[in-house]
Amino acid sequence: FSSLPSDMRFHIIIAAVFWCGFVDSRKIRGISSSYKRFYRERKSFLCIDGSKIIPFEQVNDDYCDCEDGSDEPGTSACPRGRFYCTNLGFRPHYIPSSRVNDGICDCCDASDEYNSHAHCQNTCWNLGQRERAYVEGQMRTLDEGLRVKQQLIEEGVLLWREKQAQLRELQQVAEDLQIKLEEHRRKKHEADRLKEQTLKALEAGDSGKCHSALNLVFQLLDSNKDGSITVDELQAKVALIHDEERVLSEDEAVALLGGGHQIDLTKFQHTLWDTLTKGDGVKVSSIILHFSANWEATNLKKVEEAYDTVNMEISDLRKKLAIDYGPDWEFLFLNGQCYKLKVYEYTYTLCPFNQVTQKNTAGTEVSLGKWGMWVGTPKNQYSQMVYENGEPCWQGGSRSATVTLTCGTETALRSVKEPSKCQYIMDFQTPVACQPVLKQRGIHSEL
């Protein structure tokens, strides 16, 4: 090259400079690396939609030739055009080509304002740093949430087994009470019959019937069937007619037993029985056997109440166990819990699998809905709950609430909004909403 004449060297240098300038001027802006194959310099350019072939010189010449705008990726000439922001260090994205060189910085790398008076700074690195920090924080939250979720799953399994065992125990108690119930009903029926027979015999004065009545009354008073009547047994079934609610005192019971603390059938006939069947008008009117009619009725009522209570507990437990708590019962721990959040003048309370309420500063509470069902997406069924049939809204219809579950290290009600009248949406954060796979938001750098 140095051996060439000086004038020839000058022309070659000018040609080289001209060629370099030509190549630089033909640099295609606004395309991603995956589309570069369509923009290799050649004699012609095929619109990407295949609709037209144009000379390659017409690419990015600020005139729209292709219907899809593919010939002008770096200018604002085409209404349907798109400009690709490379955004090295941050997330690349497309912007409408109408925003190219409009004086507003849309790409963080300032590539959209290459020919305007806007003074854009490249902020991609700072944006990328913030986003990477955010994603790292999300991943740490996810890791911690999944750790807590595993604990809650283990607790859920144990709690589920515990409630199943509790249900079996209650069912056994109900069966035992059913047997006792039938026994006490039989005893009450027998006591009513014996009371009627005894009173008739006493009123008729029939000696034969009175002797039979004597045996019947003795059997009624002998609660433990040991062949004797004690002070305790007498106090349990005998009352004064003028004060039937008062239990006999020990002294009164001893007096009725002839001064002793225990009598057999023979002594009974000559002590208490004589008191009941002989004497003047005080005979039955001064002292009355509680017989066992009232006593057995009281016992029967107690057993019936216990039986009803146990059956209510069984019904309530069955309803709780019928709820879908997730494939590993991970949501079971939420049952019986309530979470509150104050928003302006209202306090919202979410009780999972039960109800949602709203209370104002005056203390008036309104139901926003009762537990309905899971309404999440097919991929994540347990991402949303719906609570329906709350109190009527003044515009008609009933209030309802949709609760979205999000991943977090703690369980708490995070936000409540009312986008439309009497329709509420809530953000409920809990570790059990964390999924093992979290798709990280893309942070790409195209080189």
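In this predicted model, C407 and C434 form a disulfide whose sulfur atoms are 2.0 Å apart. The bridge connects distant parts of the chain, with C407 in strand β15 (residues 400–407) and C434 in the segment after β17 (423–430), 27 residues apart. The torsion about the S-S bond of C407 and C434 is about 80°, so this disulfide is right-handed. C407 is partly exposed, at 27% relative accessible area, whereas C434 is buried at 0%.

The structure holds eight disulfides, and two others deserve a look here. One of them joins C85 to C107, with an S to S distance of 1.8 Å. Because C85 lies in strand β3 and C107 in the loop between β4 (93–96) and α2 (124–204), this pair ties together parts that are 22 residues apart in sequence. Its torsion is about -50°, so the C85 and C107 disulfide is left-handed. C85 is buried at 0% relative accessibility, and C107 is buried at 2%.

Another disulfide joins C64 to C78, at 2.1 Å from S to S. C64 and C78 are in the loop between β2 (53–55) and β3 (82–85), 14 residues apart. With a torsion of about 110°, the C64 and C78 bridge is right-handed. Here C64 is partly exposed at 25%, while C78 is buried at 2%.

Turning to the aromatic residues, the count comes to 16 aromatic pairs. Among them, Y35 and F38 have ring centres 5.7 Å apart and planes at 40°, so the pair is tilted. Y325, F331, F353, W371, W374, Y382 and Y387 form one aromatic cluster. Charged side chains also meet rings: the charged end of R29 sits over the ring of Y114, 4.1 Å from its centre, and R82 lies over the face of Y94, 3.7 Å from the ring centre.

Terms used
Residues are numbered from 1 along each chain as its sequence is written. This is a predicted model: local features need pLDDT of at least 70, side-chain atom pairs count only at pLDDT 80 or more; totals for chains, interfaces and linings use all residues. Side-chain values use heavy atoms; hydrogens and water are left out. Rings of Phe, Tyr and Trp (its six-membered ring) pair if their centres lie within 6.5 Å; planes under 30 degrees apart count as stacked, over 60 as edge-to-face and the rest as tilted. A charge sits over a ring if NZ of Lys or CZ of Arg is within 6 Å of the ring centre and within 35 degrees of the ring normal. A disulfide is a pair of cysteine sulfur atoms within 2.5 Å. Helices (H or I, at least four residues) and strands (E, at least two) are DSSP runs, numbered from the N terminus. Buried means under 20% relative accessible area, exposed over 50%, partly exposed in between (1.4 Å probe, protein chains only).
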